[in-house]
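Welcome! Take a moment to look over the sequence and the 3D view before reading on.

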Amino acid sequence: MSPARRRLAVQLAVEKYKMSERMACRIFKVSRAHWKEHPRKLPDENEVIARILALVSEYGRYGYRTIAELLRQDLDNLLHINTRRVGLIWKRFGLIVPRRQQKRKRLKQACLLYHSVCCCRGKHVYGIMQSRD
C-alpha cells in the first residue's frame, strides 16, 4: 500500500470509527509525524507543469533529465527547478519516452538478383549463384 493510501486509511479510521490517531497509525504502520505532514505544493507548480508539458510536446524523444536541463537554461533560474522535481511531475502525469523503432534490415543486392544457396557476409557473397531466368 502506498504512503498516500495509508494516510487516507488512517484518516478514515479516525473519522469513521472514532479511533485514536495513535491506534490507527499503529494498525496501518504509519508514523504519526508522516500522517500529520501534508504534501506541499510550491506556488510556481502550475507554471512549471505547463512549461514541462509544452517542452514534452515539442521534443517528444527527450527524457525528464533533458527536459529539466532545458527548463534550467530557459527560465534562467527564476524558478526552483531540479531533476528530481521534474521526474516526480513526469511520473504524476504518466509521461513516457516512446521506444525507438528498429531499423529494417535490408536484403543484400546480390541475393535479390540471384537465387541460390549462398552465404552473404558484408559485401562478399559466397556460393554458387544461378540467374533467375
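Please keep in mind that the model is predicted.

## A helix with a buried side

Let us begin with helix 1, which covers residues 3-16 and has 14 residues. From its first C-alpha to its last, helix 1 reaches 20 Å, close to the 20 Å expected at 1.5 Å a residue.

Which residues of helix 1 are buried? They are R7, A9, V10 and A13. Looking down the axis of helix 1, you would find its buried residues within an arc of 160 degrees, so they line one face of the helix.

What do the buried residues of helix 1 pack against? Their partners are helix 2 (21-27) and helix 3. On the face turned away from the buried side of helix 1 sit the exposed residues R5 and K16. Just after helix 1 comes K18, with a positive phi of about 55 degrees.

## Salt bridges

How many salt bridges does the structure hold? There are five, and the table shows three of them.

| Pair | N to O distance |
|---|---|
| R85 and D44 | 2.9 Å |
| R92 and E45 | 3.3 Å |
| D74 and R51 | 2.6 Å |

Start with the salt bridge between R85 and D44. This pair links distant parts of the chain: R85 belongs to helix 6 (residues 83-92), while D44 is in the loop between helix 3 (32-36) and helix 4 (45-58), and the two are 41 residues apart. Both R85 and D44 are buried.

Next, the side chains of R92 and E45 meet in a salt bridge. Here too distant parts of the chain are linked, with R92 in helix 6 and E45 in helix 4, 47 residues apart. Are R92 and E45 buried or exposed? R92 counts as exposed because its relative accessibility is 52%, whereas E45, at 7%, counts as buried.

D74 lies in helix 5 (residues 64-75) and R51 in helix 4, so the pair ties together parts that are 23 residues apart in sequence. D74 is partly exposed, with a relative accessible area of 39%, and R51 counts as partly exposed at 26% relative accessibility.

Salt bridges can also share partners: in this way D44, E45, R85 and R92 are joined into one network.

## Aromatic pairs

To describe a pair of aromatic rings, one gives the distance of the centres and the angle of the planes. How many aromatic pairs does a search of the whole structure find? The search finds two.

For Y59 and Y62, the ring centres are 4.8 Å apart and the planes are at 5 degrees, so the pair is stacked. Y59 is partly exposed, with a relative accessible area of 29%, and Y62 counts as partly exposed at 33% relative accessibility.

For Y64 and W90, the ring centres are 6.5 Å apart and the planes are at 55 degrees, so the pair is tilted. Y64 in helix 5 and W90 in helix 6 are 26 residues apart, and the pair links distant parts of the chain. Y64 counts as partly exposed at 27% relative accessibility, while W90 is buried, with a relative accessible area of 8%.

Notes
Residues are numbered from 1 along each chain as its sequence is written. This is a predicted model: local features need pLDDT of at least 70, side-chain atom pairs count only at pLDDT 80 or more; totals for chains, interfaces and linings use all residues. Side-chain values use heavy atoms; hydrogens and water are left out. A salt bridge is a side-chain nitrogen of Lys or Arg within 4 Å of a carboxyl oxygen of Asp or Glu. Helices (H or I, at least four residues) and strands (E, at least two) are DSSP runs, numbered from the N terminus. Buried means under 20% relative accessible area, exposed over 50%, partly exposed in between (1.4 Å probe, protein chains only). Rings of Phe, Tyr and Trp (its six-membered ring) pair if their centres lie within 6.5 Å; planes under 30 degrees apart count as stacked, over 60 as edge-to-face and the rest as tilted. The expected span of a helix is 1.5 Å times one less than its number of residues. The arc is that of the directions from the helix axis to the C-beta atoms. Contact means heavy atoms within 4.5 Å.
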